[in-house]
Amino acid sequence: MLPMVVGLAIFLGIHLLPASPELRQGLIGRYGEGAYKIGFALVSLVGFALIVIGFHKLQLHPEKAGPLWDPPTWTRSIAHLLMLPALICLAAANIPSKIKTTLKHPMLVSVKLWAFAHLIAAGSSVAAVLLFGSFLAYAVYDRISYKWREGSAELAAAPQSYAGDLAAIAIGSALYAALLLGGHTWLIGVPVSSISVF
């Protein structure tokens, strides 16, 4: 479980940097924006890799994940319902649209929906609660702090487009269908029909 914990600390820790404009601007001022972005990407990649490695090891040895309970099967249905808007929000994060303007930060909405859906459907171990709970807590905190950062006004004034809404819905729905039809098993190694991840 240690690699996953370290990975979460690194990945989520680096993603909390934007929540402190002073620290972020200090790093940019010292090293330059290009170096900051490269460093941010590299540290994020290391953290994400450790999360994936730790996640994979726990799948191979579920007894090390700290079993807690068996989620009821109905939670899987709720997770399926939540994942469609989660993926639409993920697509909307990069497309000018009324969805993006209304939600202000659709990527964080996507993370919250994804984390909550997996927490209720797959939170059957200490490791699962730690993984999905950490992402949920991060997204909630980051969204609350976002309104105080520079850039929130820019998002509110972003161009709105019904075409963008349709594109986000189409892309999100396509991703959802792809995951249901085997993409989740191919990417994560866990079929969508599974009750538990660990």
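Why are Glu 33 and Lys 37 separated by about one helical turn? Because they sit four residues apart in helix H3 (residues 33-60). Keep that pair in mind; the tour returns to it.

**Before you click**

This is a predicted model: local features need pLDDT of at least 70, side-chain atom pairs count only at pLDDT 80 or more, and totals for chains, interfaces and linings use all residues. Residues are numbered from 1 along each chain as its sequence is written, and side-chain values use heavy atoms, leaving out hydrogens and water.

**Stop 1: the whole chain**

Show the protein chain as a cartoon. Its secondary structure comes to nine helices and zero strands. Helices (H or I, at least four residues) and strands (E, at least two) are DSSP runs, numbered from the N terminus. Of the 198 residues, 37% count as buried. Buried means under 20% relative accessible area, exposed over 50%, and partly exposed in between (1.4 Å probe, protein chains only).

The accessible surface comes to about 10,900 Å², and 72% of it belongs to carbon and sulfur atoms. These areas come from the Shrake-Rupley method with a 1.4 Å probe; for residues, only the protein chains shown count as cover.

**Stop 2: Glu 33 and Lys 37**

Select both side chains. They meet in a salt bridge (3.3 Å, N to O). The term means a side-chain nitrogen of Lys or Arg within 4 Å of a carboxyl oxygen of Asp or Glu. The structure holds one salt bridge. Glu 33 is partly exposed, at 43% relative accessibility.

**Stop 3: H1 against H7**

Select helix H1 (2-15) and helix H7 (126-146). They pack at an angle of about 5°, with their axes 11 Å apart. That makes H1 roughly parallel to H7, a label for angles under 35 degrees. Axes are lines fitted to C-alpha atoms, for helices over the stretch in contact, and angles run from 0 to 180 degrees between N-to-C directions.

Show side chains here. Residues of H1 including Phe 11 and His 15 meet residues of H7 including Phe 135 and Tyr 138. Contact means heavy atoms within 4.5 Å.

**Stop 4: a nonpolar patch**

Go to the surface. Met 1, Leu 2, Val 5, Val 6, Leu 68, Trp 69, Val 126, Val 129 and Leu 130 form a nonpolar patch of about 730 Å² accessible area together. H1 and H7 are the elements giving two or more residues to the patch. Pick Val 126: it is partly exposed, at 40% relative accessible area.

**Stop 5: Lys 104**

Finish in the loop between helix H5 (98-103) and helix H6 (106-122), where Lys 104 is found. Lys 104 has a positive phi of about 70°, although it is not a glycine.

Definitions and conventions:
Patch = residues over 30% accessible without salt bridge, like charges linked within 9 Å, V, L, I, M, F, W, Y side chains within 5 Å. Parallel < 35°, antiparallel > 145°, perpendicular 65-115°, else oblique.
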